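Look over the structure first, then read on.

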Amino acid sequence: MPCLLEKYRDFLPVTPQTPIITIGEADTPLVRSRRLEREIGCGELYFKLEGCNPTGSFKDRGMVVAVAKAVEAKNSAIICASTGNTSASAAAFGAVCSLTVFVVVPKGNIALGKLAQALVYGARILAIDGNFDKALEIVRAITQKHPITLVNSLNPHRIEGQKTAAFEIVDVLGDAPDYLFIPVGNAGNITAYWKGFVHYKQAGKALNTPKMMGFEAEGSAAIVRGKAIADPETIASAIRIGNPASWKGAVAARDESGGVIDSVSDDEILDAYKILGTQEGVFGEPASAASVAGLIKQRNNGTDFSNKRVVCVITGTGLKDPDTAIKSAMPPTELPADLETVERLVLQG
Ligand code: F0G
(Lines give C-alpha, C1' and ligand atoms only; values in the text may rest on other atoms or scores of the structure.)
Protein backbone atom coordinates (compact mmCIF):
# COMPACT_ATOMS: atom_id res chain seq x y z
CA MET A 1 0.00 0.00 0.00
CA PRO A 2 1.65 3.31 -0.98
CA CYS A 3 1.57 5.94 1.77
CA LEU A 4 0.09 9.43 1.34
CA LEU A 5 3.37 11.02 0.22
CA GLU A 6 3.86 8.33 -2.43
CA LYS A 7 0.28 7.91 -3.61
CA TYR A 8 -0.41 11.60 -4.25
CA ARG A 9 3.19 12.60 -4.95
CA ASP A 10 2.30 14.42 -8.19
CA PHE A 11 -0.11 16.70 -6.35
CA LEU A 12 2.17 17.40 -3.39
CA PRO A 13 5.37 19.39 -2.82
CA VAL A 14 7.38 16.14 -2.71
CA THR A 15 10.89 16.35 -4.20
CA PRO A 16 13.59 13.65 -4.51
CA GLN A 17 15.00 15.08 -1.26
CA THR A 18 11.75 14.79 0.71
CA PRO A 19 11.91 11.93 3.22
CA ILE A 20 9.01 9.51 2.69
CA ILE A 21 7.63 9.14 6.19
CA THR A 22 4.41 7.52 7.34
CA ILE A 23 2.63 6.35 10.46
CA GLY A 24 -0.24 4.84 8.44
CA GLU A 25 -2.17 8.04 7.74
CA ALA A 26 -4.98 8.62 5.20
CA ASP A 27 -6.95 6.16 3.05
CA THR A 28 -9.82 6.48 5.54
CA PRO A 29 -13.25 4.85 5.05
CA LEU A 30 -16.09 6.57 3.21
CA VAL A 31 -19.10 4.86 4.75
CA ARG A 32 -22.67 5.00 3.43
CA SER A 33 -25.30 6.11 5.94
CA ARG A 34 -27.88 3.47 6.84
CA ARG A 35 -30.53 5.59 8.51
CA LEU A 36 -29.93 9.32 8.42
CA GLU A 37 -29.84 9.23 4.61
CA ARG A 38 -33.49 8.17 4.56
CA GLU A 39 -34.52 10.63 7.26
CA ILE A 40 -32.89 13.55 5.48
CA GLY A 41 -34.18 12.31 2.14
CA CYS A 42 -30.74 12.36 0.49
CA GLY A 43 -29.99 10.49 -2.70
CA GLU A 44 -26.80 9.19 -1.08
CA LEU A 45 -25.18 10.21 2.21
CA TYR A 46 -21.64 9.23 3.19
CA PHE A 47 -19.44 9.83 6.21
CA LYS A 48 -15.71 10.35 5.66
CA LEU A 49 -14.25 8.82 8.81
CA GLU A 50 -11.15 10.88 9.47
CA GLY A 51 -11.06 9.62 13.05
CA CYS A 52 -9.60 6.42 11.54
CA ASN A 53 -6.27 8.18 11.01
CA PRO A 54 -3.48 6.95 13.32
CA THR A 55 -3.74 9.86 15.77
CA GLY A 56 -7.52 9.90 15.45
CA SER A 57 -8.07 13.00 13.29
CA PHE A 58 -7.61 14.47 9.81
CA LYS A 59 -4.57 16.41 11.00
CA ASP A 60 -2.26 13.51 10.09
CA ARG A 61 -2.74 14.21 6.37
CA GLY A 62 -1.32 17.70 6.60
CA MET A 63 1.17 16.95 9.34
CA VAL A 64 2.96 14.23 7.38
CA VAL A 65 3.72 16.76 4.63
CA ALA A 66 4.63 19.60 7.01
CA VAL A 67 6.96 17.40 9.04
CA ALA A 68 8.57 15.77 5.98
CA LYS A 69 9.31 19.25 4.59
CA ALA A 70 10.69 20.40 7.97
CA VAL A 71 13.05 17.39 7.99
CA GLU A 72 13.98 18.05 4.35
CA ALA A 73 14.87 21.63 5.35
CA LYS A 74 17.01 20.19 8.18
CA ASN A 75 14.95 21.79 10.93
CA SER A 76 15.05 19.96 14.22
CA ALA A 77 12.18 21.56 16.13
CA ILE A 78 8.50 22.16 15.40
CA ILE A 79 5.82 24.09 17.26
CA CYS A 80 2.06 24.54 17.05
CA ALA A 81 -0.87 26.08 18.86
CA SER A 82 -3.72 23.64 19.23
CA THR A 83 -7.12 22.78 20.57
CA GLY A 84 -5.68 19.26 20.81
CA ASN A 85 -5.71 17.38 17.53
CA THR A 86 -2.95 19.30 15.80
CA SER A 87 -0.78 18.84 18.88
CA ALA A 88 -1.39 15.08 18.95
CA SER A 89 -0.49 14.75 15.28
CA ALA A 90 2.58 17.02 15.49
CA ALA A 91 3.79 15.07 18.51
CA ALA A 92 3.42 11.71 16.74
CA PHE A 93 5.21 12.71 13.52
CA GLY A 94 7.80 14.64 15.52
CA ALA A 95 8.48 11.48 17.52
CA VAL A 96 9.14 9.29 14.46
CA CYS A 97 11.46 11.95 13.00
CA SER A 98 13.26 12.59 16.32
CA LEU A 99 12.27 16.26 16.36
CA THR A 100 11.74 18.44 19.40
CA VAL A 101 8.02 19.20 19.53
CA PHE A 102 6.49 22.13 21.42
CA VAL A 103 2.71 22.33 21.66
CA VAL A 104 0.97 25.39 23.08
CA VAL A 105 -2.56 24.66 24.26
CA PRO A 106 -5.31 26.48 26.18
CA LYS A 107 -4.95 25.27 29.78
CA GLY A 108 -7.84 23.06 30.93
CA ASN A 109 -9.58 23.41 27.59
CA ILE A 110 -8.45 20.49 25.49
CA ALA A 111 -10.11 17.09 25.55
CA LEU A 112 -8.47 14.55 27.85
CA GLY A 113 -7.55 12.02 25.15
CA LYS A 114 -5.71 14.67 23.13
CA LEU A 115 -3.65 15.70 26.13
CA ALA A 116 -2.85 12.04 26.80
CA GLN A 117 -1.67 11.61 23.20
CA ALA A 118 0.74 14.56 23.27
CA LEU A 119 2.14 13.23 26.57
CA VAL A 120 2.62 9.68 25.28
CA TYR A 121 4.25 10.86 22.03
CA GLY A 122 6.70 12.82 24.18
CA ALA A 123 5.93 16.43 23.24
CA ARG A 124 6.78 19.40 25.42
CA ILE A 125 3.33 20.69 26.41
CA LEU A 126 2.98 24.39 27.24
CA ALA A 127 -0.49 25.02 28.67
CA ILE A 128 -1.21 28.75 28.64
CA ASP A 129 -3.77 30.81 30.53
CA GLY A 130 -5.48 31.85 27.35
CA ASN A 131 -7.42 30.52 24.39
CA PHE A 132 -6.36 29.02 21.05
CA ASP A 133 -6.24 32.38 19.30
CA LYS A 134 -3.74 33.70 21.86
CA ALA A 135 -1.69 30.49 21.57
CA LEU A 136 -1.54 30.89 17.79
CA GLU A 137 -0.43 34.51 18.14
CA ILE A 138 2.40 33.39 20.43
CA VAL A 139 3.67 30.56 18.21
CA ARG A 140 3.57 32.77 15.13
CA ALA A 141 5.75 35.34 16.90
CA ILE A 142 8.19 32.66 18.10
CA THR A 143 8.62 31.12 14.65
CA GLN A 144 9.26 34.55 13.13
CA LYS A 145 12.18 34.97 15.52
CA HIS A 146 13.62 31.47 15.86
CA PRO A 147 14.46 28.54 13.56
CA ILE A 148 11.50 26.46 14.68
CA THR A 149 8.97 25.27 12.08
CA LEU A 150 5.36 26.33 12.57
CA VAL A 151 3.11 23.34 11.84
CA ASN A 152 -0.28 25.02 12.16
CA SER A 153 -2.29 25.23 8.96
CA LEU A 154 -0.68 28.61 8.25
CA ASN A 155 2.12 26.35 7.06
CA PRO A 156 1.08 25.80 3.40
CA HIS A 157 2.33 22.19 3.46
CA ARG A 158 -0.45 21.37 5.94
CA ILE A 159 -3.11 22.50 3.45
CA GLU A 160 -1.41 20.55 0.66
CA GLY A 161 -1.58 17.32 2.65
CA GLN A 162 -5.14 17.85 3.85
CA LYS A 163 -6.46 18.30 0.33
CA THR A 164 -5.83 14.57 -0.26
CA ALA A 165 -9.06 13.80 1.60
CA ALA A 166 -10.95 15.39 -1.30
CA PHE A 167 -8.95 13.22 -3.73
CA GLU A 168 -9.92 10.08 -1.83
CA ILE A 169 -13.61 10.98 -1.91
CA VAL A 170 -13.49 11.46 -5.69
CA ASP A 171 -11.43 8.29 -6.14
CA VAL A 172 -14.12 6.28 -4.33
CA LEU A 173 -17.27 7.95 -5.71
CA GLY A 174 -15.96 8.40 -9.25
CA ASP A 175 -16.71 12.15 -9.10
CA ALA A 176 -17.09 14.91 -6.53
CA PRO A 177 -20.28 14.78 -4.41
CA ASP A 178 -22.93 17.50 -4.82
CA TYR A 179 -22.39 18.77 -1.27
CA LEU A 180 -19.55 18.54 1.24
CA PHE A 181 -20.45 19.32 4.88
CA ILE A 182 -17.51 20.13 7.13
CA PRO A 183 -16.89 21.68 10.57
CA VAL A 184 -15.02 25.00 10.55
CA GLY A 185 -12.62 26.08 13.31
CA ASN A 186 -9.40 27.69 12.15
CA ALA A 187 -10.75 27.15 8.60
CA GLY A 188 -7.72 25.32 7.21
CA ASN A 189 -9.59 22.13 6.40
CA ILE A 190 -12.40 23.69 4.35
CA THR A 191 -9.70 25.61 2.46
CA ALA A 192 -7.77 22.38 1.84
CA TYR A 193 -10.77 20.34 0.67
CA TRP A 194 -11.76 23.05 -1.78
CA LYS A 195 -8.23 23.21 -3.15
CA GLY A 196 -8.27 19.41 -3.53
CA PHE A 197 -11.57 19.31 -5.41
CA VAL A 198 -10.48 22.13 -7.72
CA HIS A 199 -7.09 20.50 -8.45
CA TYR A 200 -8.69 17.17 -9.18
CA LYS A 201 -11.12 18.75 -11.61
CA GLN A 202 -8.30 20.65 -13.32
CA ALA A 203 -6.37 17.36 -13.61
CA GLY A 204 -9.34 15.72 -15.30
CA LYS A 205 -9.95 13.35 -12.39
CA ALA A 206 -13.40 14.79 -11.61
CA LEU A 207 -16.09 16.44 -13.71
CA ASN A 208 -17.57 18.50 -10.88
CA THR A 209 -16.82 20.22 -7.63
CA PRO A 210 -19.15 20.18 -4.61
CA LYS A 211 -20.93 23.02 -2.85
CA MET A 212 -18.82 23.60 0.27
CA MET A 213 -21.00 23.69 3.39
CA GLY A 214 -18.95 24.86 6.40
CA PHE A 215 -20.32 25.01 9.93
CA GLU A 216 -18.91 26.95 12.85
CA ALA A 217 -20.13 26.55 16.42
CA GLU A 218 -22.58 29.34 17.27
CA GLY A 219 -20.51 30.71 20.17
CA SER A 220 -17.40 30.83 17.98
CA ALA A 221 -18.91 31.82 14.66
CA ALA A 222 -16.55 34.62 13.64
CA ILE A 223 -16.95 34.12 9.89
CA VAL A 224 -20.75 33.99 10.11
CA ARG A 225 -20.85 37.15 12.22
CA GLY A 226 -18.18 38.87 10.15
CA LYS A 227 -15.99 39.77 13.11
CA ALA A 228 -13.44 38.10 15.39
CA ILE A 229 -14.77 36.87 18.73
CA ALA A 230 -12.62 37.60 21.79
CA ASP A 231 -14.05 34.86 24.03
CA PRO A 232 -15.24 32.02 21.83
CA GLU A 233 -17.35 29.38 23.54
CA THR A 234 -18.73 25.98 22.56
CA ILE A 235 -18.88 22.44 23.86
CA ALA A 236 -16.98 21.47 20.71
CA SER A 237 -13.58 22.47 22.11
CA ALA A 238 -11.75 21.54 18.87
CA ILE A 239 -13.44 24.44 17.05
CA ARG A 240 -13.52 26.94 19.93
CA ILE A 241 -11.72 29.52 17.80
CA GLY A 242 -12.59 33.21 17.58
CA ASN A 243 -10.28 34.44 14.81
CA PRO A 244 -9.74 31.76 12.16
CA ALA A 245 -6.35 31.96 10.44
CA SER A 246 -7.72 30.74 7.09
CA TRP A 247 -10.78 33.01 7.17
CA LYS A 248 -10.20 34.17 3.59
CA GLY A 249 -9.75 30.61 2.34
CA ALA A 250 -13.06 29.59 3.87
CA VAL A 251 -14.91 32.52 2.33
CA ALA A 252 -13.34 31.80 -1.07
CA ALA A 253 -14.34 28.12 -0.82
CA ARG A 254 -17.91 29.15 -0.02
CA ASP A 255 -18.18 31.77 -2.75
CA GLU A 256 -16.42 29.86 -5.53
CA SER A 257 -18.40 26.68 -4.84
CA GLY A 258 -21.81 28.32 -4.36
CA GLY A 259 -21.88 26.96 -0.80
CA VAL A 260 -22.68 28.22 2.67
CA ILE A 261 -20.91 29.05 5.90
CA ASP A 262 -23.34 28.94 8.79
CA SER A 263 -23.34 28.07 12.46
CA VAL A 264 -24.90 25.37 14.63
CA SER A 265 -25.71 25.62 18.34
CA ASP A 266 -24.23 23.35 20.99
CA ASP A 267 -27.63 21.63 21.30
CA GLU A 268 -27.68 20.96 17.56
CA ILE A 269 -24.10 19.64 17.77
CA LEU A 270 -24.97 17.31 20.66
CA ASP A 271 -28.12 16.06 18.91
CA ALA A 272 -26.10 15.21 15.81
CA TYR A 273 -23.39 13.61 18.00
CA LYS A 274 -26.01 11.32 19.53
CA ILE A 275 -27.67 10.53 16.19
CA LEU A 276 -24.28 9.55 14.75
CA GLY A 277 -23.63 7.20 17.65
CA THR A 278 -27.05 5.66 18.16
CA GLN A 279 -28.18 5.45 14.53
CA GLU A 280 -25.02 5.10 12.50
CA GLY A 281 -22.46 3.48 14.82
CA VAL A 282 -20.19 6.47 14.25
CA PHE A 283 -18.42 7.90 17.31
CA GLY A 284 -17.12 11.28 16.23
CA GLU A 285 -15.97 14.02 18.53
CA PRO A 286 -18.38 16.91 19.18
CA ALA A 287 -16.67 19.23 16.67
CA SER A 288 -17.04 16.54 14.00
CA ALA A 289 -20.77 16.34 14.61
CA ALA A 290 -21.05 19.98 13.47
CA SER A 291 -21.00 18.73 9.86
CA VAL A 292 -24.01 16.49 10.44
CA ALA A 293 -25.74 19.16 12.55
CA GLY A 294 -25.27 21.47 9.58
CA LEU A 295 -26.88 18.98 7.21
CA ILE A 296 -29.89 18.53 9.50
CA LYS A 297 -30.24 22.31 9.88
CA GLN A 298 -30.03 22.84 6.15
CA ARG A 299 -32.69 20.18 5.50
CA ASN A 300 -34.94 21.72 8.20
CA ASN A 301 -34.55 25.07 6.45
CA GLY A 302 -35.97 23.51 3.32
CA THR A 303 -33.03 22.42 1.16
CA ASP A 304 -34.01 19.42 -0.94
CA PHE A 305 -31.27 16.78 -1.03
CA SER A 306 -33.18 14.18 -3.02
CA ASN A 307 -31.05 12.77 -5.86
CA LYS A 308 -28.05 14.53 -4.33
CA ARG A 309 -24.83 12.94 -3.18
CA VAL A 310 -23.75 14.34 0.16
CA VAL A 311 -20.57 13.75 2.18
CA CYS A 312 -20.21 14.74 5.84
CA VAL A 313 -16.64 14.87 7.12
CA ILE A 314 -16.27 13.29 10.55
CA THR A 315 -13.02 14.98 11.42
CA GLY A 316 -11.96 13.19 14.63
CA THR A 317 -12.80 10.23 16.84
CA GLY A 318 -15.09 10.60 19.83
CA LEU A 319 -12.70 8.56 21.97
CA LYS A 320 -10.61 11.67 22.37
CA ASP A 321 -13.28 13.34 24.47
CA PRO A 322 -14.64 10.81 26.97
CA ASP A 323 -15.92 13.58 29.27
CA THR A 324 -18.46 14.85 26.75
CA ALA A 325 -19.45 11.28 25.88
CA ILE A 326 -20.19 10.38 29.49
CA LYS A 327 -21.88 13.68 30.37
CA SER A 328 -24.19 13.55 27.36
CA ALA A 329 -25.53 10.02 27.91
CA MET A 330 -27.54 8.06 30.49
CA PRO A 331 -25.27 6.77 33.26
CA PRO A 332 -24.77 2.98 33.44
CA THR A 333 -27.21 1.05 35.65
CA GLU A 334 -25.35 -0.23 38.69
CA LEU A 335 -26.52 -3.43 40.37
CA PRO A 336 -25.29 -6.35 42.45
CA ALA A 337 -23.43 -9.23 40.77
CA ASP A 338 -26.49 -11.38 40.96
CA LEU A 339 -28.01 -13.49 38.17
CA GLU A 340 -31.63 -12.86 39.07
CA THR A 341 -31.30 -9.08 39.28
CA VAL A 342 -29.41 -8.84 35.97
CA GLU A 343 -31.86 -11.26 34.31
CA ARG A 344 -34.86 -9.24 35.51
CA LEU A 345 -33.44 -6.05 34.01
CA VAL A 346 -32.55 -7.80 30.73
CA LEU A 347 -36.11 -9.13 30.42
CA GLN A 348 -37.51 -5.64 31.13
CA GLY A 349 -35.57 -4.48 28.05
N1 F0G B 1 -12.68 19.00 13.67
C2 F0G B 1 -11.73 18.67 14.54
C3 F0G B 1 -11.85 17.36 15.24
C4 F0G B 1 -10.63 19.54 14.77
O5 F0G B 1 -9.68 19.19 15.63
C6 F0G B 1 -10.58 20.78 14.10
C7 F0G B 1 -9.48 21.71 14.33
C8 F0G B 1 -11.61 21.06 13.19
C9 F0G B 1 -12.64 20.17 13.00
C10 F0G B 1 -11.63 22.31 12.41
O11 F0G B 1 -10.70 22.29 11.38
O12 F0G B 1 -9.40 24.28 12.09
O13 F0G B 1 -9.12 23.29 9.82
O14 F0G B 1 -11.22 24.50 10.43
N15 F0G B 1 -8.57 21.55 15.20
C16 F0G B 1 -7.38 22.39 15.37
C17 F0G B 1 -6.44 21.79 16.39
C18 F0G B 1 -7.66 23.82 15.55
O19 F0G B 1 -5.66 22.52 17.00
O20 F0G B 1 -6.44 20.58 16.55
P21 F0G B 1 -10.07 23.68 10.89
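In what order do the six strands of the open sheet stand, and what is the pairing? The order is β1-β2-β10-β7-β8-β9, and the pairing is mixed. This is a predicted model: local features need pLDDT of at least 70, side-chain atom pairs count only at pLDDT 80 or more, and totals for chains, interfaces and linings use all residues. Residues are numbered from 1 along each chain as its sequence is written, and side-chain values use heavy atoms, with hydrogens and water left out.

**Six-stranded sheet**

- Strands are DSSP runs of E with at least two residues, helices are runs of H or I with at least four, and both are numbered from the N terminus.
- Two strands pair if DSSP finds at least two bridges between them.
- β1 (30-32) and β9 (260-264) each have a single partner strand, so one side of each lacks a neighbour in the sheet.
- From one strand to the next, the twist averages 25°.
- β2 (residues 44-49) pairs with β10 (residues 309-314) in the parallel sense, over six bridges.
- Phe 47 has Cys 312 of β10 as its bridge partner.
- Helix α11 (residues 247-257) packs on this sheet and touches β8 (211-217) and β9. Contact means heavy atoms within 4.5 Å.
- The direction of α11 makes about 120° with that of β9. Axes are lines fitted to C-alpha atoms, for helices over the stretch in contact, and angles run from 0 to 180 degrees between N-to-C directions.

**Four-stranded sheet**

- Four strands form an open sheet with parallel pairing, in the order β5-β4-β3-β6.
- Its edge strands are β5 (124-128) and β6 (149-150), each pairing on one side only.
- β3 (residues 77-81) and β4 (residues 100-106) run parallel, joined by five bridges.
- Ala 81 stands opposite Val 104 in β4.
- Helix α4 packs on the sheet, touching β3 and β4, and its direction makes about 170° with that of β3.

**Helix pair α3 and α4**

- α3 (residues 59-72) packs against α4 (residues 85-96) at about 45°, with axes 9 Å apart.
- The contact residues include Met 63, Val 64 and Val 67 of α3 and Ala 90 and Phe 93 of α4.

**Salt bridges**

- The structure holds 14 salt bridges, each a side-chain nitrogen of Lys or Arg within 4 Å of a carboxyl oxygen of Asp or Glu.
- Arg 61 pairs with Glu 50 in a salt bridge, with the closest N and O atoms 2.6 Å apart.
- Arg 61 lies in α3 and Glu 50 in the loop between β2 and α3, so the pair ties together parts eleven residues apart in sequence.
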